[in-house]
Amino acid sequence: MKTQITKLFNIQHPIIQGGMHYVGFAELASAVSNAGGLGIITGLTQKTPENLLKEIERCHKLTDKPFGVNLTFLPTVAAPDYPGFIKAIIDGGITIVETAGRNPQEYMPLLKDAGIKVIHKCTSVRHALKAESIGCDAVSVDGFECGGHPGEDDIPNMVLLPCAADKLKIPFVASGGMADGRSLAAALALGAEGINMGTRFIATQEAPVHENVKQAILSASERDTRLVMRPLRNTERVLNNSAVESLLNKEARLGKDIKFEDIIDEVVGVYPKIMTDGDVEKGVWSCGMVAGLIHDIPTCQTLIERIVTEAENIIKDRLSALL
Ligand SMILES: Cc1cc2nc3c(=O)[nH]c(=O)nc-3n(C[C@H](O)[C@H](O)[C@H](O)COP(=O)(O)O)c2cc1C
């Protein structure tokens, strides 16, 4: 299958693995890229630019295919050393960066001068247009279904994607709720040039996370995610657990007076304990509604081949037969 995204990133299949905190290590990124998709290392999971460079070098040893790095611009007071991380990306020979959070305008000259292609992840058409206007090569449009931060507009992909298609000139991938060949065929029909997946890639053999995390996703239905931090305008879709219930109780009790400091126990520093140690109740962790469509733990190769074959069959057989 050839689309503008496969051409732009020089990959075989239009399937991207979005950056994921404490999941997007070299093992997963290389497995996705070796399977013909685009794997992405999560930049900020590596605490320092030096560590990121080492992770990139590790990934180069595991694949000779293109892979990218995610740079998430967080709403924090003490900003990470973004110029340092970008230098590591350039020194590591990376040619594709997925940005997220704030728009990457400030860093576009650095990235573009180094010949890097930028795909910006955003949750609204206006932010996608902004990304286009500052020179991003593509966007990843994250609908309300998505695991992680869906923004504050709450527009699901069935509406968001065609709205994006009507306005954008640069190619975009559909993100949020994507799991299988039906997702890919639907995304293409709605105007996207491919898909980006987060939650689905956690439940793969190569995802370097604790088995408890994978089993929690397999056990979840489409009704098992919750939105947290909405009163802080930092909404995150997470898998329901005891920490989420505790956080939501605090939100109900404190109302609009709630501050980030009130929820530190549920939110700060919990990812390594969940993803690495497998203590899945330790805090809140991102997960998409798509968990309801995830029932196995395949290799990335099996997953990607299955998605592409299923999408091709839907397009060639089921849809064509309707005409
Ligand atoms: C556990 C987890 C961690 C994530 N961490 C990040 C992150 O650090 N930066 C980022 O840009 N997106 C992050 N995301 C969002 C994903 O890259 C992707 O956009 C999202 O998962 C797509 O929705 P889906 O889960 O329905 O596939 C994360 C998602 C999950 C599930």
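Q: Which residue has a side-chain N or O atom 2.9 Å from a nitrogen atom of the ligand?
A: The model is predicted, and the distances in it are computed from its atoms. A polar contact is a pair of N or O atoms within 3.5 Å, and a nitrogen atom of the ligand lies 2.9 Å from a side-chain N or O atom that belongs to Thr72.

Q: How much of the accessible area that the ligand has on its own does the protein cover?
A: On its own, the ligand has 600 Å² of accessible area.

Q: What is the distance between an oxygen atom of the ligand and a polar backbone atom of Gly19?
A: Gly19 is listed among the closest of the 23 residues that surround the ligand, together with Lys121, Gly177, Gly198 and Thr199. An oxygen atom of the ligand is also 3.1 Å from an N or O atom in the side chain of Asn70. For the polar backbone atom of Gly19, the distance to an oxygen atom of the ligand is 2.7 Å.

Q: How many residues of the shell around the ligand are polar?
A: The shell receives at least two residues from each of β3 (67-73), β8 (195-197) and α9 (199-202). Its residues divide into seven that are nonpolar, two that are charged, and a polar group that numbers 14.

Q: Which helices each supply at least two residues of the lining of the second largest pocket?
A: The second largest pocket holds about 260 Å³ of space, and of its 15 lining residues the closest to its centre are Glu145, Asn157, Gly176, Gly177 and Met178. The lining divides into nine nonpolar, four polar and two charged residues. The helices that each supply at least two of the lining residues are α7 (157-167) and α8 (181-189).

Q: Which residue forms a salt bridge with Arg58?
A: A search of the whole structure finds twelve salt bridges. Arg58 lies in helix α3 (residues 49-62), and its partner, 31 residues apart from it, lies in helix α2 (residues 26-34), so that the pair links distant parts of the chain. With the closest N and O atoms 3.0 Å apart, the partner of Arg58 is Glu27.

Conventions:
Residues numbered from 1 in each chain as written. Predicted model: local features only at pLDDT ≥ 70, side-chain atom pairs only at ≥ 80, totals over all residues. Heavy atoms only, no water. 1 Å grid on protein atoms, 1.4 Å probe; cavity = no way out; pocket = protein on both sides within 12 Å on 5 of 7 lines; lining within 4 Å. Points joined across faces, edges and corners; volume = space filled by probe spheres on them. Helix = DSSP H or I, 4+ residues; strand = E, 2+ residues; numbered from the N terminus. Nonpolar A, V, L, I, M, F, W, Y, C, P; charged D, E, K, R; others polar. Near = heavy atom within 4 Å. Polar contact = N/O pair within 3.5 Å; in protein donor to acceptor, adjacent residues only side chain to side chain. Areas by Shrake-Rupley, 256 points an atom, 1.4 Å probe, with all protein chains shown as cover. Salt bridge = Lys/Arg side-chain N within 4 Å of Asp/Glu carboxyl O.
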